[in-house]
Amino acid sequence: MSTRPYLQLDVFADRPGAGNPLAVVLDAGGLDDESMQAIARWTRLPETTFVFPPSQPQASYGIRIFSPRREVPFAGHPSVGTAHAVLEAGLATPRDGLLVQEGIAGLLPLKVAGSGKTRTIAVRTPRARVMETATADDPRLGRVLAGLPLGALPPALMDGGRRWWLAELRDEAALRSATPPWEAIAKLAGDTGSMGLCVFARSDDPVYFLAVRAWVGAPAQFEDAASGAANATLAAWLASQDALPGSDGRYRISQGREVGHDAIIELHVDAEGEVWSGGRVCTVVSGRIDW
C-alpha cells in the first residue's frame with residue numbers, strides 16, 4: 001500500500017455543503033482498475049477521480065472518473081473539481097487561462113478565472129445532440145410527466161456522452177414542489193438508455209435564470225445535487241431552440257435545494273456553439289489515503 005494525497009471537495013458551491021461532493025486521489029500512479037473502483041465504492045460519493053501524469057504534451061494532467069458502480073467517461077462536476085484540486089496542489093498551471101484535461105472523453109479544456117475563494121472553473125463539455133423530440137402523451141413519458149404542468153418547449157432526448165430526457169415545467173414553484181415518480185423514471189431510463197429526466201423552469205430570481213432538477217433513474221434512483229453534464233446538455237437543447245436565458249449565451253442555474261444543497265452552476269454557450277459548464281469549488285477535507 002502507498003499513501004497518496006486525498007481531497008474531498010464541494011463543487012458548484014460558494015460554501016461547504018452547498019454543492020455536489022467529490023473525492024480526488026492525486027498521484028494515482030500504480031493503482032489498477034480494481035483498486036480505483038474499490039476506492040470509489042469506499043468513498044460512497046457520487047464520483048471519485050484519480051489524477052495521473054498526462055500522456056499527451058498538450059494536456060495538463062490525466063484523469064479517470066469512477067462512480068461507486070463503474071467508470072464514467074465524462075462528468076461535469078468531477079472535471080471542474082479535479083481541476084481545482086490540481087491547481088491547489090500545484091500540479092499544473094493554466095496557459096492563457098486554460099487547463100487541458102486528458103481522459104476517456106479526449107482532451108477537454110477548462111477555463112480558469114480569478115483566484116482564491118472566488119475562482120471559477122468551467123469545462124468545455126462534449127458536444128451534445130438532439131436525439132429526438134416528443135410530446136407529453138408519448139407512451140414512454142406518460143407516467144413520468146403525469147401531473148407535471150409543462151412549459152413551452154417539448155420534451156426532448158439529448159445525448160452529450162450521457163443521455164438525458166429534458167422537460168420544461170410551467171414555473172419554478174411547480175418544479176420545486178414536484179415529487180419524482182421514481183418507478184416510472186427508472187423504466188424510462190432503462191427503456192431508452194438514458195440517465196433519467198432533467199426538469200427545468202424559468203425563474204425571476206436575481207441570482208439565477210433557471211431552476212433545475214435532475215432525476216437519475218438508472219442504475220440507482222436518486223436526485224442529483226448539481227450536475228454539470230446534465231446542465232450542459234440542457235444548454236445545448238436551449239441553444240438549438242433559440243431559447244437561451246440571460247445574455248451573450250451566459251446564465252446561471254440553481255439546483256439541489258430539494259435534497260438539502262444550494263448549488264449554482266454557470267453556463268456559457270460560446271460563438272462556436274460550445275457549451276462551458278462551471279462554477280466555484282470548496283476544499284472540505286485535505287489529507288492522505290492509504291491504499
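The second largest pocket of this predicted model has a volume of about 330 Å³, where a pocket is an open set of points on a 1 Å grid over the protein atoms alone, with protein on both sides within 12 Å along at least five of seven lines, and a volume is the space filled by probe spheres set on the points, which are joined across faces, edges and corners. The largest pocket has a volume of about 500 Å³, and the structure also holds three cavities of 30 Å³ or more, a cavity being a set of grid points where a 1.4 Å probe fits but cannot get out. Because the model is predicted, local features need pLDDT of at least 70 and side-chain atom pairs count only at pLDDT 80 or more, whereas totals for chains, interfaces and linings use all residues. Residues are numbered from 1 along each chain as its sequence is written, and side-chain values use heavy atoms, with hydrogens and water left out.

**Domains**

- The protein chain is divided into domain 1 (3-125 + 279-290) and domain 2 (129-273), with bounds that come from an automatic or database domain assignment.
- The centres of domain 1 and domain 2, taken over C-alpha atoms, are separated by 24 Å, and the contact between them (heavy atoms within 4.5 Å) takes 18 residues from domain 1 and 18 residues from domain 2.

**Second largest pocket**

- Lining residues are those with an atom within 4 Å of a point; there are 16 of them for the second largest pocket, and Ala 122, Arg 250, Glu 266, Leu 267 and His 268 lie nearest its centre.
- Two or more lining residues of this pocket come from each of strand 7 (106-113), strand 8 (120-124), strand 15 (250-255), strand 16 (263-269) and strand 17 (275-279), where strands (E, at least two residues) and helices (H or I, at least four) are DSSP runs numbered from the N terminus.
- By class, the lining of the second largest pocket has eight nonpolar, four polar and four charged residues, with Ala, Val, Leu, Ile, Met, Phe, Trp, Tyr, Cys and Pro counted as nonpolar, Asp, Glu, Lys and Arg as charged, and the others, Gly among them, as polar.
- Domain 1 and domain 2 each supply at least three residues of the lining of the second largest pocket.

**Largest pocket**

- The largest pocket is lined by 32 residues, and the closest to its centre are Pro 46, Glu 47, Ser 67, Phe 222 and Asp 224.
- Strand 2 (20-25), helix 2 (76-89), strand 14 (222-224) and helix 6 (228-240) each contribute at least two residues to this lining, which divides into 18 nonpolar, seven polar and seven charged residues.
- The largest pocket lies between domain 1 and domain 2, because both domains give residues to its lining.

**Cavities**

- The largest cavity has a volume of about 80 Å³, and its lining includes Phe 74, Thr 125, Arg 162, Trp 164 and Thr 233.
- Helix 6 gives the most to the lining of the largest cavity, with four residues, and the lining as a whole has seven nonpolar, four polar and one charged residues.
- The second largest cavity has a volume of about 60 Å³, and among the residues that line it are Ile 63, Arg 64, Ile 65, Gln 101 and Leu 108.
- Strand 4 (61-66), strand 6 (98-103) and strand 7 are the elements that give two or more residues to the lining of the second largest cavity, and strand 4 gives the most, with three residues.
- The lining of the second largest cavity has seven nonpolar, three polar and one charged residues.

- Thr 233 has its place in helix 6 and counts as buried at 3% relative accessibility, where buried means under 20% relative accessible area, exposed over 50% and partly exposed in between (1.4 Å probe, protein chains only).
- Leaving aside neighbours within four places in sequence, Thr 233 is in contact with Ala 128, Met 158, Gly 160 and Leu 166.
- Ala 235 is also placed in helix 6 and is buried, with a relative accessible area of 0%.
- Not counting residues up to four places away in sequence, Ala 235 touches Leu 244, Tyr 251, Leu 267, Val 269 and Val 275.
- Ala 235 and Ser 277 are 42 residues apart in sequence, and 9.1 Å apart in space from C-alpha to C-alpha.

**Cysteines**

- A search of the whole structure finds zero disulfides, a disulfide being a pair of cysteine sulfur atoms within 2.5 Å.
- Cys 198 is buried, with a relative accessible area of 0%, and Cys 282 is buried, with a relative accessible area of 13%.
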